[in-house]
Amino acid sequence: MTDNPWDVLGIEPGADKKTIKRAYTSKLKLCKPDEDPEGFQLLRAAYDEALAQLEEQPQQRVKLGAEEVPPVQAIEQVTPQNNPPEVLPDITVQPHSEPVQTHVSAPDEGAQEMQAFEKELTELLDNAYRRNQQGAWQLLIEHPACVDMQNRRTASHRVFHAVLDFQKSARAEVTPLDIEILVFLNQHFDWAEDQALEQQVGHPDFYNMTHKEMPEPEVRIEPVGDTSNIANLFIGLTILCALGLIMISL
Amino acid sequence: MITVGIDLGTTNSAISYWDGEQSVLIANSLGEALTPSVVGVDNSGEVLVGKAAKERLISHPLHTTALFKRYMGTQRTVTLGKQHYSAAELSSLVLKSLKADAEATLRQPVTQAVISVPAYFNDYQRKATKLAAELAGLEVLRLINEPTAAALAYGLQSQEDDTHYLILDLGGGTFDVTILEYFDRVMEVKASAGDNHLGGEDFTGLLISDFLRQHRLQPQQLNEHQQQNLTRLIDECKCRLSGEKQPHFEIELAEQTLRYELNEEKIREICQPLLNRLLTPIERAFNDAGLSPSDIDHIVMVGGASRMNIYKQCLIKALKCFPTTQLDPDLVVAMGAGIQAGLVDKNEALDDVVLTDVSAFSLGTGTHNEHDSDGKVGNYFTPIIERNTVLPCSKEQVFYPIHKAQKRLLMTIYQGESRYVKNNIKLGEIDVPLPKSDNIDDKMVRVRFTYDISGLLDVDITVEQTQHTISQTFEQSSSMLSDKEKAQLKEKMQKLKVHPRDQQHNRLLMAKLERIYEQSRAQYREQIAELISVWEAALASQDSQRIEQTYQDITQFLKELGE
């Protein structure tokens, strides 16, 4: 990326998005990815760089929650020796903690849904009986706030933080959530992929929440509620008794 | 020389080509665009592919197999009669049948193809697909991701500029999500995500479990015939749900007539866990593309399973937008593959169309995990090419050995998204000798990954101090096997007699009769058995007029029976 992206694209610096795109697509037809891979990579790098500069320039958008996300300029070099890759901050992080609601139809509705969802979440965690039942969590994640794509990430983060707080506060008086529940939530929300969460809570907590795996089952447990075997046994016994009675009566 | 485009699907396959103006589907010998991806061997050892084989799934379950795409790239084999076959070998038979259809229609040999694969297909699965093509005598010019192919078909027919598409492909075995932007005749894939084990067949699977639960049956109690029969009936029932309120069927099992009813509410309840899983890849795709649902102009549904109402409703709820299905969801991928074939052939009409795709998965290496004192979770996965990077691309990173006295460095190469290498797929490893020095900075290595559009990964490792470079190509083409092994495989496949193409409809009728015999009750069985012997006699006579006449009569009779 030593070349000036604007020179590669052949436009004035600071052009608007449409112009940048138009310049990219017209140049692209001269260096198609399958015909001229090197040329394409140069063009693509210039295009990405121009778009990135456009994003940075005019409005300084990173305001809320900026203190949590230190801007990193230098490209980190990964040294496996003392620097686990996890701490590599994403260079273009947006403040994820509160995604901007761009819901077109009814923003109020979304907010209300989210409130109702949070209430259900708190109630579930407070309920000692239900909180370790996967079915209860299954119901929770089917809540409209969780299903709506616009809200889903927010909902996912709320659940993560609530569960993390619960796990931390638990230990002494109440036992933490079962590993099955954590595995289930991780699968559903894909937390291990969420870099914003890692930055919010730090590595140890994030690791504890996301590296969980189901323990290998040692003994195969017969499904509960399947009583057909016992039923067969009973029938067998009854027949035996009946036969016995008949024999006696004879 | 015409290049064909092939959709090699889990349940159905199709083939098309670019005729200079548009993508045209090629019908099989039965006049249908869809060929079921089912392979069977008949009593004389001849191979059957497609609809006739599908009919035989019920009457000859031990000699017929379907859904083998799910085992692509694995060691798993299927036994048909006496022989064992891998998924690639079975797929090659489907490809061969499609190739024969194309050659009959185009009246020229067909040797080059573009084949579509699920975007989430990993390295081994892609390799296996290429091997299948090779065994069928086809050279793969390009593997195209299925949702990208679908997007090509949609993008090219619409004239709107600056549009974002969300393509949701729920096929028989996989779910793929792709976000694509169409701007100035350039189609840019923004992000791909997916679930490799979520498709229409999984919905059928849950319904079968429910049926067994309802009638207190264990799966082991059913023999192969009964299992196939039940699967077919449940699948039909599931499909009828898009037209009927409460479809049902009856089946004779364990000497009883068992009834099963289905309605919207019931299927939703049973399949809710699968519906929940749909949202995870959709969210991932949005995050990776840096877009939100409100940026999407069209939601395109692809794949036969798109017809399910519960699926559509789930999407509407999640995305607050109605999806489009202007093009046939079963055929749109094949049409797109045909367009890509035209692009590869540098067809004039497509001269200004450019497609840029992304890598659907991350490629990287394993690095030391100092948190892992007990060795339980293993090394970290450090991505070098992140997923959804535009292809082709080339990226470099710097690594150091763990100890300064280290003499060698073992670079492992992995593909996947897990933070730990043990959950990802290992592509290979390279042993790098390090220079003698006490200074760790002298032992720094630069690792460059280059990933091109035809699926070749190049790894270059340079030791900084000596400037010594080790290069290795991880060819994604069928390099898992040696040339000798490939030749053996080819020979094995060539030995198989494939049923003559022009007699497919005769074979289909026989298979159909056998299937109906299997499924019908005692009072009809005699009649059907009678028909089978009449049909066998007609075929044996080799009198084409008599065969034709009998064919018409039996087909008419079956029509009256409602088959």
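In what order do the 5 strands of the open sheet in chain B run? The order is 17-12-13-14-18, and the pairing is mixed. Strands here are DSSP runs of E, at least two residues long, and helices are runs of H or I, at least four long, all numbered from the N terminus. Two strands pair if DSSP finds at least two bridges between them.

A word on the model. It is predicted, so local features need pLDDT of at least 70 and side-chain atom pairs count only at pLDDT 80 or more, while totals for chains, interfaces and linings use all residues. Residues are numbered from 1 along each chain as its sequence is written, with chains lettered from A and ligands numbered from 1 in the order in which they are written.

Strand 17 (298-302) and strand 18 (354-356) of chain B are the edges. Each has a single partner strand, so one side of each lacks a neighbour in the sheet. Neighbouring strands are turned by 20° against each other on average, direction ignored. The axes behind that angle are lines fitted to C-alpha atoms; angles run from 0 to 180 degrees between N-to-C directions. Strand 14 (residues 186-195) runs parallel to strand 18 of chain B, joined by 3 bridges. Val186(B) faces Val354(B) across that pair, being opposite it in strand 18 of chain B.

Next, a hairpin in chain B. Strand 8 (residues 77-80) and strand 9 (residues 83-86) run antiparallel, with 4 bridges. Val78(B) stands opposite Tyr85(B). There are 2 residues between the strands, and Gly81(B) takes a positive phi near 60°.

Now the core. The largest nonpolar core has 156 residues. By nonpolar core I mean a set of buried Ala, Val, Leu, Ile, Met, Phe, Trp, Tyr and Cys residues joined through C-beta atoms within 7 Å. Buried means 20 or more other C-beta atoms within 10 Å of a residue's own; 12 or fewer is exposed, anything in between partly exposed, with C-beta atoms placed from the backbone. Ile167(B) is among the residues with the most contacts inside this core. Helix 7 (residues 264-289) of chain B gives the largest share, 9 residues. A second, separate core of 20 residues includes Ala145(A), Cys146(A), Ala155(A) and Leu185(A).

What does Ile167(B) touch, leaving aside neighbours within four places in sequence? Its contacts are Pro147(B), Ala150(B), Ala151(B), Thr178(B), Leu180(B), Val300(B) and Val302(B). Contact means C-beta atoms, placed from the backbone, within 7 Å.

On to chain A. It has 11 helices and 0 strands. Of its 250 residues, 20% count as buried. Helix 7 (residues 149-169) of chain A has 21 residues, which at 1.5 Å a residue should span 30 Å; its end C-alpha atoms are 31 Å apart, which agrees. The expected span is 1.5 Å times one less than the number of residues. Its buried residues include Met149(A), His157(A) and Phe160(A).

Glu198(A) is in helix 9 (residues 195-201) of chain A. Is Glu198(A) buried or exposed? Buried, because 21 other C-beta atoms lie within 10 Å.

Last, the interface. 37 residues of chain A are in contact with 44 residues of chain B. On the side of chain A, helix 2 (17-28), helix 3 (37-56) and helix 7 each give two or more residues. By class, that side has 14 nonpolar, 11 polar and 12 charged residues. Ala, Val, Leu, Ile, Met, Phe, Trp, Tyr, Cys and Pro count as nonpolar; Asp, Glu, Lys and Arg as charged; the others, Gly among them, as polar.

Technical notes
Two residues are in contact if their C-beta atoms, placed from the backbone, lie within 7 Å.
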